[in-house]
Amino acid sequence: LRVGCCFTSNQMGVGRRMSPGSGWLPQHLELLDDPATKKLRLSCGKVGKDVVRAMAKSLQDNTILEDLWLDGDVIDIDVALTLAASLRVNKTLKILRLRGAKVTGTGAATIFDALKQNMSLQELYLERNGIGLHGAIALAAMLKLNKNLKVLHVSHNPIGSDGVDKIARSLHFNTTLEELCFQQNKLTSYVSETLGGMLLANSTLRMLYLVHNNVTTPDLADLCKYIEANSTLEQFVMTGNAIELEGSLALGELLERSDTLLKLCLWGNSIGPEGAKAIARGLKSNSVLRELRIVMNQVGDGGATALADVIANNEHLIEVDLTSNGISEVGGNALARALQRNDTLVTLGIQGNKVGDAKADITHYIKLNKAGRKLLKDTLMPASMWAEALARSSNDPCVVFTLLKEKPDIIR
């Protein structure tokens, strides 16, 4: 298998020649002819089992491919065995994505077993594969021994709470995984103790995603305490869960005490105005958070105003996203006033809100911040830095005018 070149029958073990420009299966076989990425995306159901098996076998000798995406249909036991055999010896594949490709319990176990000794794979994405508890147990066994995997996403696979428990417990022993995502896994019971134990024992995980998993408010409250005790987690994503006020209070307390969390994403969690106020209270004493995303949570003008009060005096936040939160011009004006004082925030998402004329003011101040408005406070800033700021703003006369108005001596 050679990415960026024609595939011949000798290379693939099939009787047809395949080339990116040949017109054969134009939408189902995607070759990205880029030596920096070296990717192959294959639609299993449309190219057929023989082509998939031949491709999988060719990985044993391949030294070029780094990113393989198998999309759609079923990976039967024959193909799974072939892929597993290749994964045991392949030394260049870094990313493996299985999306919508159903894998039998035995097939999944075979692939995961091969990854115990794989020395190159760094990212594994499993989406809609029909992997249940049996597969989760095999996956957990692999994680205990694997020394290279850094990213694991398990999405739309019905592993349930027991499967999450098995995977989380395996990370007590894993020393390389940095990013873990559980999405729509049909959780039926509390997971805070399971995930909390993982956070207490693991010292390498930096990103944790819990997406549409029906995490309850008490569960989140407990989980926040474990995150506070963890010293390595930098990004926490909680989306699609009705966490309500109690959960927001717990998040606020987490922000108040955490000295490691850099990014917090809360998307579609029914936080509401009072929940946003609780999070804002926590932010007042936080000096480490860089990104806050509270999207589609109906925080309204009350929540927006509370967050604006924090933004006005916060010198650490770089990005805030308040998209689709029912914010009117009242909340918009509060945010604009906050940006008059804040010169460090470079992104403020307000799409999907009817903030009226405040949008223009917010956009203007964000542009100024991106251009380097905070430089105005530094009387010792060298002229070369100002030249760079003006260069960044050269396409926006209003920003250039404002910078020059505040610092006319830059052009002398």
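Q: Let's start with the largest pocket. Which element gives the largest share of its lining?
A: That is α14, with 6 residues. Keep in mind that this is a predicted model.

Q: How does the lining of the largest pocket split by class?
A: There are 5 nonpolar residues, 3 polar ones and 3 charged ones.

Q: How much space lies in there, in the largest pocket?
A: About 180 Å³.

Q: New topic: rings. How many aromatic pairs does the structure hold?
A: The count is 0.

Q: What sits over the ring of W69, then?
A: The charged end of R41 does. The distance from R41's charged end to the centre of the W69 ring is 4.1 Å.

Q: Now cysteines. How many disulfides are there?
A: The count is 0. The rule asks for two cysteine sulfur atoms within 2.5 Å.

Q: What about C224, buried or exposed?
A: C224 is buried, because its relative accessibility is 3% and the cut-off for buried is under 20%.

Q: And C265, buried or exposed?
A: C265 is buried too, at 13% relative accessible area.

Q: On to the backbone. What is phi of R128?
A: Phi of R128 is near 55°. That is a positive value, and R128 is not a glycine.

Q: Where is R128 placed?
A: R128 is in the loop that runs between β7 (123-127) and α6 (133-145).

Q: Why does R128 count as partly exposed?
A: Because its relative accessibility is 41%. Partly exposed covers the range between the buried cut-off of 20% and the exposed cut-off of 50%.

Q: H156 next. What is its phi?
A: H156 has a phi of about 55°. The value is positive, although H156 is not a glycine.

Q: Where does H156 sit?
A: H156 is in the loop between β8 (151-155) and α7 (160-170).

Q: Is H156 buried or exposed?
A: H156 is buried, because its relative accessible area is 19% and buried means under 20%.

Conventions:
Residues numbered from 1 in each chain as written. Predicted model: local features only at pLDDT ≥ 70, side-chain atom pairs only at ≥ 80, totals over all residues. Heavy atoms only, no water. 1 Å grid on protein atoms, 1.4 Å probe; cavity = no way out; pocket = protein on both sides within 12 Å on 5 of 7 lines; lining within 4 Å. Points joined across faces, edges and corners; volume = space filled by probe spheres on them. Helix = DSSP H or I, 4+ residues; strand = E, 2+ residues; numbered from the N terminus. Nonpolar A, V, L, I, M, F, W, Y, C, P; charged D, E, K, R; others polar. Phe/Tyr/Trp six-rings, centres within 6.5 Å; stacked < 30°, edge-to-face > 60°. Lys NZ or Arg CZ within 6 Å of the ring centre and 35° of its normal. Buried < 20%, exposed > 50% of the residue type's maximum accessible area, 1.4 Å probe, protein only.
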